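I opened the notebook to look up a few points in this structure. My notes follow in the order I took them.

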Amino acid sequence: MSGTCVIGLQWGDEAKGKLVDLLTTQFEIVVRFLGGANAGHTVVVGDEVYKLHHIPSGILNPKAVNVVTPGVVINPATILKEIDSLTSRNIKVAENLMLSDRAHVVCPWHIAEDRLMDGEPVSGESIGTTLRGIGPCYRDKVGRSFAIRLGDLFRPDFRDKVAKIVSIKRRLLSGLAENSDLSDALNADSICDEYEGYGERLKPYVADTTPFLLDAIDADKRLLFEGAQGALLDIDHGTFPFVTSSNSSGVGVAAGSGVPPRCVDRVIGVAKSYTTRVGGGPFPTEQDNEHGQRIRDLGNEYGTTTGRPRRCGWFDAVAVRYTARLSGVDGMALMMMDVLSQLPEIKICIAYELDGKRIDHFPSHVDDLRRVEPVYETWPGWNVDVTGVRTYADLPADARKYLDRVAELVGRPVDIVSVGPDREQTIFVNE
Ligand code: IMP
């Protein structure tokens, strides 16, 4: 039994897709266990750029079976577009993709609810969701009565169920939707026609993936679990309420995929060599200034899913130490080192000050996190283009010092360094 998982240690967008794509040749099965179309995983192979939302990045390896498990919320229209786009580029999808019949389905009313509710923040600041209906779909999953799972699309009572949900949603949403037109989002007949059509096309991929994975474990297959979002967006352990609606840290692997926790024997934590965040919420090391803009320009920091400019700032070792411990990380992959190469000096947040006291833990309440002052260490930049470097020894001395310091502060080794988007632009530190 051998399970490895790849977890983002910041607020998402850590370039996990590139890493998963690189590692897949070592695995027979790649598993996506949370989130949905809010994720955008970019994989660059030569001149080709693939943008994936639901489908694991392992799909680019023709030998890996890719499994979307019960913890994922699926937007059928979006996943079909992904399937079509991959197929048109000769990627083998038909034999290599499985979707759990237990996964919940994002319906038009979820997207409408996301739009209505994200604009009504209770605590002053919107979460700034991706507006993909993720939170409302998970809310219905937890609430149970109004939920639709992928397997339901094929049941004889599907149309009845949708009609009942729509009638209740209409009553629930009418107060909030005074000025919004919900007629499309709540038109039971046309939604049923549309979703039955999606169901027809998705049917060949749909299965109960839980016994499939349990059998694979019994047969000693090698499994790679591909995280989405990042641990600081974890619903229970992240910067609540500015989080996503599922467990995006390492603690979510077992629940989302349906495999026992003991099946994961290696955890790779992925972090950028700086920090980004999309959407609202506190971000202690944010540089809302020319430094942040420079990082945004150099790193092309715009959302894959929404195109929103990402907020940018320095590496926060307090936050990453917290998420690395939470996720049980064995070693880290530090991404986008080429971006830092162009900065004259670089800062690392090594601790916070809260109410005049130095702290080195990550506060549990966002109000405290908003008030912390980062304590920085300043490091010289290396001003050398590292995009062609392939070994740790060939990195400039100042870049190596930076990596060593990050590893020391986080308390985990840096095993992999990424110096560009391409597969080849990767340094395996101990090889
Ligand atoms: P939701 O997941 O769409 O509900 O969005 C909740 C929060 O998580 C927002 O701040 C989003 O910007 C953020 N978020 C969700 N998915 C991702 C992702 O894949 N990368 C980065 N941020 C994300």
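How many residues surround the ligand, and which are the closest? I worked from a predicted model. I counted 16 residues around the ligand. The closest are Asn38, Thr130, Thr244, Val278 and Arg308.

**Entry: ligand shell**

I sorted the shell by class next. Six of its residues are nonpolar, eight are polar and two are charged.

Then I looked up polar contacts, with N or O atoms paired within 3.5 Å. Arg308 uses its side chain: an N or O atom there is 3.0 Å from an oxygen atom of the ligand. Val278 uses its backbone, with an N or O atom 3.0 Å from a ligand oxygen. On its own, the ligand has 460 Å² of accessible area, and the protein covers 97% of that.

**Entry: second largest pocket**

I moved on to empty space. Rolling a probe the size of a water molecule over the atoms shows where such space is left. The second largest pocket has a volume of about 200 Å³. Its lining is made of 14 residues. Nearest the centre of this pocket I found Gly71, Lys141, Asn247, Ala255 and Gly256.

Which helices each supply at least two residues of this lining? I noted helix H4 (134–143) and helix H8 (252–257). By class, the lining has seven nonpolar, six polar and one charged residues.

I looked at peptide bonds. The one from Phe240 to Pro241 is cis, and its omega is near 5 degrees. Where does Pro241 lie? I placed Pro241 in the loop between strand E10 (222–226) and H8. H8 is also one of the helices that supply the lining of the second largest pocket.

I then turned to phi. Leu131 is not a glycine, yet its phi is positive, about 60 degrees. I found Leu131 in the loop between helix H3 (108–118) and H4.

**Entry: whole chain**

I finished with the overall fold. The chain has 13 helices and 20 strands. Its radius of gyration is 22 Å, close to the 22 Å that the globule rule gives for 431 residues, so the chain is as compact as a globular protein of that length. Along the principal axes, I read a C-alpha trace spanning about 65 × 50 × 40 Å.

Note on methods: Residues numbered from 1 in each chain as written. Predicted model: local features only at pLDDT ≥ 70, side-chain atom pairs only at ≥ 80, totals over all residues. Heavy atoms only, no water. Near = heavy atom within 4 Å. Polar contact = N/O pair within 3.5 Å; in protein donor to acceptor, adjacent residues only side chain to side chain. Areas by Shrake-Rupley, 256 points an atom, 1.4 Å probe, with all protein chains shown as cover. Nonpolar A, V, L, I, M, F, W, Y, C, P; charged D, E, K, R; others polar. 1 Å grid on protein atoms, 1.4 Å probe; cavity = no way out; pocket = protein on both sides within 12 Å on 5 of 7 lines; lining within 4 Å. Points joined across faces, edges and corners; volume = space filled by probe spheres on them. Helix = DSSP H or I, 4+ residues; strand = E, 2+ residues; numbered from the N terminus. Rg over C-alpha atoms; globule rule 2.2 N^0.38 Å.
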